[in-house]
Amino acid sequence: LLSEVVATFVLVFAVLNMAAPRFGLGAMNALPVGLVVLGIGVSLGGTTGYAMNAARDLGPRLMHALLPIPGKRDSDWGYAWVPVVGPLIGAALAALVYNANF
């Protein structure tokens, strides 16, 4: 849960700071966001596998539960709440910190 909170906090806080750029990059405006996602994935991706939002984890988990794959394990629904609750907490904290400082 803590990994999800930190990853989402960093992502949302970085995007909020990049939303009103002091200078534009033109066609490369998405590059800084992509680099932030890459940095988060490299540093925290091992624990949850880049699940920085609920859709990234919940969609594949649902498909894994529904598809008839031979020899598959369970879909681990006991853990499914972590990639949903963690990003909600991280995004709320990032918005609070951003609004308090800027």
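**Close-up 1. Contacts of Leu-93 in the predicted model.** Leaving aside the neighbours within four places in sequence, Leu-93 is in contact with Val-5 and Phe-9 in this structure, which is a predicted model. Leu-93 belongs to helix 4, which spans residues 82-101, while helix 1 covers residues 2-18. Although Leu-93 and Val-6 stand 87 residues apart along the chain, their C-alpha atoms are separated by 9.6 Å. The relative accessible area of Leu-93 is 39%, and the residue is therefore described as partly exposed, since that class lies between the limits of 20% and 50%.

**Close-up 2. The salt bridge between Asp-57 and Arg-61.** A search of the whole structure finds 1 salt bridge, and it joins the side chains of Asp-57 and Arg-61, with a distance of 2.9 Å from N to O. Both residues lie in helix 3, which runs over residues 54-66, and they are 4 residues apart, about one turn of the helix. Asp-57 has a relative accessible area of 13% and is buried, and Arg-61, with a relative accessible area of 11%, is buried as well, because the term applies to values under 20%.

**Close-up 3. The largest pocket and the residues of its lining.** The largest pocket has a volume of about 200 Å³, and its lining consists of Asn-17, Met-18, Pro-21, Arg-22, Phe-23, Gly-24, Leu-25, Asn-29, Pro-32 and Val-33. At least two residues of this lining come from helix 1 (2-18), and at least two from helix 2 (31-48).

Note on methods
Residues are numbered from 1 along each chain as its sequence is written. This is a predicted model: local features need pLDDT of at least 70, side-chain atom pairs count only at pLDDT 80 or more; totals for chains, interfaces and linings use all residues. Side-chain values use heavy atoms; hydrogens and water are left out. A salt bridge is a side-chain nitrogen of Lys or Arg within 4 Å of a carboxyl oxygen of Asp or Glu. Buried means under 20% relative accessible area, exposed over 50%, partly exposed in between (1.4 Å probe, protein chains only). On a 1 Å grid over the protein atoms alone, a cavity is a set of points where a 1.4 Å probe fits but cannot get out, and a pocket is an open set with protein on both sides within 12 Å along at least five of seven lines; lining residues have an atom within 4 Å of a point. Grid points are joined across faces, edges and corners, and a volume is the space filled by probe spheres set on the points. Contact means heavy atoms within 4.5 Å.
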